[in-house]
Amino acid sequence: MTDQSINEQRQGAEQAQGGLGWLGYVAVLAALGSALTTFLVLAGATPILPTHNVVVWLFILNGILIVLLLGIVAWQARKLVREHRAGAAAAGLHVRIVGLFSLVAVLPAILVAGVATVTLERGLDPWFTGSLKELMTNTVEIARSYREMQCRTLARETQLMAADLNRAKVLYDADRKLFREFMNSRAVFLGFPLAVILEPDGTVVERIEAKKLEGVPDAKPEDLQEASNEALCLIPRTGNIFRSVLKLEAHGGRILYIAREVDPRAIEFPPVAEAGVALYEALDQKKAGIQIAFASMFTLIALIVLLSAIWFGLNFANRLVAPVRRLIHATDQVATGNFYVQVPVKRGEGDLGHLGETFNKMTSELRRQHDGLTAASEVIDRRRRFTEAVLAGVSAGVIGINARGLITIVNPSTEALLQTSREELVGRPITEVLPEVTKLLLEMIQGRQRLMQEQIQISRKGKERTINVRVTSEQTRNDKRDLVITLDDITDLVVAQRTSAWADVARRIAHEIKNPLTPIQLSAERIRRKYGKVITTDREVFDQCTDTIVRQVDDIKRMVDEFSSFARMPKPTIGQEDLAATIRQVVFMMRIAHPEIEFVDQFPSEPVVAPFDRRLISQAVTNIVKNATEAIAAVPENERGQPQITVTLDDTHPDYLILAVTDNGKGFPVEGRQRLLEPYMTTREGGTGLGLPIVAKILEDHGGGMDLVDNPAGRGGQVRMWIPKTKQVAEEVSAASDRNETSRASL
């Protein structure tokens with residue numbers, strides 16, 4: 001196939017050189033030059049004037065060149081058709097290239113020819129329609145009529161002013177100054193910038209000049225002689241000031257001379273209109289010739305450009321087919337996996353020859369790289385399978401990030417820990433997926449350590465986890481390093497350690513708090529027996545307070561007994577109790593203990609019955625309200641304002657009773673707020689950190705929970721607690737933790 005391509009290329013070159021090759025170049029260049037010269041001559045861009053003889057000779061020259069181009073294109077097209085019928089190699093590609101060039105040349109030429117013809121005809125016809133011709137004919141008459149109308153208007157208003165001045169003759173004789181003011185008012189009213197009363201010899205009697213006019217000629221003697229009882233309009237030859245003269249009968253033959261400035265077009269437009277009409281008539285006579293000349297010239301130029309483009313397409317196709325055919329064949333061989341193919345390159349092929357040389361270098365390089373990549377791919381594939389197997393079996397989360405901070409790989413443990421699929425993680429910035437490690441990564445990048453670690457807290461879908469983070473980097477000489485992040489979930493270990501410590505402390509303090517309980521209870525009973533009969537005012541409050549002391553001491557005794565026995569919170573004894581009444585007792589007791597604080601309770605008017613342990617819930621609410629009073633006390637007095645604690649009970653939720661305790665104290669910290677629910681975590685000086693964890697454990701044992709949020713009304717905090725309305729809800733929550741999280745989200 002290569003030998004055949006070389007032979008065909010040589011044959012094409014010989015035909016181009018020995019046949020019409022040089023003649024085609026000469027004819028195309030001459031035709032294009034002739035077309036350009038014709039256009040410049042007709043456009044008036046050359047010293048040669050486009051006379052009739054010059055235009056005829058240009059048309060003849062262009063016609064001869066068009067016939068010559070037609071012959072050359074027909075000869076080459078006949079040769080191409082003959083080769084195609086003979087089934088020559090790459091003849092189909094040759095025909096398609098020639099056809100494409102011809103189509104690209106023909107379609108724009110035809111389109112432009114049609115558009116130009118229609119545009120020229122549509123552009124000239126409206127200018128020579130009957131209505132436009134009539135309009136141009138009447139333009140002069142309209143201009144003249146406008147000028148005459150200005151004169152008539154001036155004459156009529158001159159008559160009016162003359163009549164007024166004649167009637168004011170008596171005023172003229174009696175008071176010249178008053179007459180002058182009258183004359184000035186009439187001139188201003190009628191719009192006369194200049195009004196003069198003259199003697200027949202031209203002497204000025206009175207002159208009113210309301211507005212300064214430049215270039216106003218004085219009244220000539222012949223104009224004054226022509227003045228009569230009818231106003232005479234004087235039209236200037238230059239300028240735009242119309243004048244008029246009129247005899248004043250009452251003033252003994254004196255003459256009124258008026259001047260007014262009018263639109264300059266009243267003087268300038270009539271001669272311009274006459275010249276336009278003359279030019280329009282001349283163009284109307286030459287319209288047909290202009291259309292024929294432009295159409296003929298455009299046709300000749302379009303044919304020259306069209307035939308030249310077709311010839312260039314044929315010539316280009318002849319030179320392009322052979323090298324392209326060899327490249328196509330070689331490319332097909334490479335596509336089948338043959339990297340040993342080479343393209344023959346011949347001199348004189350220019351860029352196509354250079355393309356062939358580049359192709360040969362490419363195939364050699366591809367052959368070398370293919371062999372190396374095949375061997376390396378097998379090694380990498382084995383390592384990849386081993387790495388994936390290792391990562392899939394590791395319990396810790398592993399994240400790989402590149403030098404730009406984008407995640408490149410994650411293992412299944414990472415997906416479970418972050419509760420996000422691999423597709424959503426890979427390709428995203430690590431600072432967006434896990435912002436808690438941003439500080440550690442910055443220290444790692446800025447420093448030279450290869451290993452850094454720390455503990456962080458993350459929260460995903462309402463769950464807080466304690467993670468041990470280890471960041472390692474690859475060994476590289478540049479600053480851009482890939483990093484590997486290992487996430488080890490130690491939440492259960494931390495919780496177990498804290499729970500163990502809490503249990504140990506509970507055992508130790510249980511003994512300490514149990515000793516004073518009996519004296520307290522005995523003292524309360526003795527106070528009630530000894531002073532019960534003496535107190536006459538607020539007896540009910542006294543009895544209720546002493547009963548509360550005795551009852552609370554009994555509750556604490558039972559709790560301490562179970563702490564001592566099991567080192568854990570006592571199990572709730574569930575019964576149907578009135579939650580509203582239980583909370584009212586707690587609020588009443590705290591109101592008595594803290595009279596300086598305003599307590600606001602918002603409970604349903606009817607009993608709110610639910611399954612709960614009255615003693616434990618009362619203990620939990622007491623602890624929360626007590627914390628609220630301490631939060632208020634922590635605020636300085638000058639900033640405190642009116643202390644207030646609001647306790648609300650909402651029973652509108654379908655499954656839970658919502659209890660909220662809101663205060664205007666110092667509130668909860670922004671960071672690590674949920675850790676306050678863990679044992680020994682406190683922000684209060686002298687606090688043990690057991691109050692909130694005990695409350696959380698009580699609510700959890702009841703199937704409920706609690707949240708620490710900010711006061712919606714402003715400064716302070718709010719503790720929201722929820723208790724199931726029925727035993728069924730509590731059992732479902734205890735059996736399925738996921739369902740418990742869904743219920744919390746709905747709150």
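Modeller: The protein has 23 helices and 17 strands, where helices (H or I, at least four residues) and strands (E, at least two) are DSSP runs numbered from the N terminus. This is a predicted model, in which local features need pLDDT of at least 70 and side-chain atom pairs count only at pLDDT 80 or more, while totals for chains, interfaces and linings use all residues. Residues are numbered from 1 along each chain as its sequence is written, and side-chain values use heavy atoms, with hydrogens and water left out.

Of the 747 residues in the protein, 36% are buried; buried means under 20% relative accessible area, exposed over 50%, and partly exposed in between, with a 1.4 Å probe and protein chains only. Contact denotes heavy atoms within 4.5 Å. Among contacts between residues at least 6 apart in sequence, 61% join residues at least 24 apart.

The largest nonpolar core has 39 residues. Such a core is a set of buried Ala, Val, Leu, Ile, Met, Phe, Trp, Tyr and Cys residues joined through side-chain atoms within 4.5 Å. Ile583, Leu649, Met706 and Met721 have the most contacts inside the largest core. Two or more residues each are given to this core by the helices α18 (579-593), α19 (614-633) and α21 (691-701), and by the strands β13 (609-612), β14 (644-650), β15 (656-663), β16 (705-710) and β17 (717-724). The largest share, eight residues, comes from α19.

Leaving aside neighbours within four places in sequence, Met721 is in contact with Ile624, Leu657, Ile658, Leu659, Val661, Val695, Leu699, Gly705 and Met706.

Helix α21 is mostly covered, with eight of its eleven residues buried. The buried residues of α21 are Gly691, Leu692, Pro693, Ile694, Val695, Ala696, Ile698 and Leu699; among them, Val695 and Leu699 are in contact with Met721. After α21 comes Gly703, whose phi is positive, near 90°.

A second, separate core of 24 residues includes Leu154, Phe179, Ile197 and Leu248. Phe179 also forms an aromatic pair with Tyr172, edge-to-face, at 5.0 Å centre to centre and 80° between the planes. Rings of Phe, Tyr and Trp (its six-membered ring) pair if their centres lie within 6.5 Å; planes under 30 degrees apart count as stacked, over 60 as edge-to-face and the rest as tilted. By this rule the count is one aromatic pair, and both Tyr172 and Phe179 are buried.
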